[in-house]
Amino acid sequence: KEKNIRFVIYPNPNNGEFTADISGIENNHQIKILLTGEKGQIVYESDFFINDSANSSFRIIPPGKLASGLYICTLLLEGIEYKVKVIVS
């Protein structure tokens, strides 16, 4: 069933570090956030635990400096993908 999930990236564009703001997920859910580059390579991957359903913000800091370009940030929840375009300037 479709959930009323809100998945926002800010700032966007950014310098390679940003915040993922997620709401609409019940408490005590594990999520995965992936960041993929233009060629489909995963440049960041991490698991997070939602314990405040009202609003959860997660700081995304990839291990290396990201090259400028377009990336896709994917939120994985119970087999469903929510995608947001991220621009690194």
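**Close-up views of a predicted model**

**View 1. Three strands form an open sheet in the order 1-2-5, with antiparallel pairing.** Strands are DSSP runs (E, at least two residues), numbered from the N terminus, and two of them pair if DSSP finds at least two bridges between them. Because strand 1 and strand 5 stand at the edges with a single partner strand each, one side of each has no neighbour in the sheet. On average, neighbouring strands of this sheet are turned by 20 degrees against each other, direction ignored (axes are lines fitted to C-alpha atoms). The model is predicted: local features need pLDDT of at least 70 and side-chain atom pairs pLDDT 80 or more, while totals for chains, interfaces and linings use all residues. Residues are numbered from 1 along each chain as its sequence is written, and side-chain values use heavy atoms, without hydrogens and water.

**View 2. Strand 2 and strand 5 run antiparallel and are joined by five bridges.** Ile 22 has Ser 56 in strand 5 as its bridge partner.

**View 3. The structure holds one aromatic pair.** Rings of Phe, Tyr and Trp (its six-membered ring) pair if their centres lie within 6.5 Å; planes under 30 degrees apart count as stacked, over 60 as edge-to-face and the rest as tilted. The ring centres of Phe 48 and Phe 58 are 4.4 Å apart and the planes stand at 40 degrees, so this pair is tilted. Phe 48 lies in strand 4 (residues 42-50) and Phe 58 in strand 5 (residues 56-60), ten residues apart. Both Phe 48 and Phe 58 are buried (under 20% relative accessible area, 1.4 Å probe, protein chains only).

**View 4. Ile 33 is in contact with residues including Ala 20, Ile 22, Phe 48, Ile 60 and Leu 75.** Contact means heavy atoms within 4.5 Å.

Notes
Helix = DSSP H or I, 4+ residues; strand = E, 2+ residues; numbered from the N terminus. Buried < 20%, exposed > 50% of the residue type's maximum accessible area, 1.4 Å probe, protein only. Axes fitted to C-alpha atoms, helices over the stretch in contact; angles between N-to-C directions. Lists of a residue's contacts leave out its neighbours within four places in sequence.
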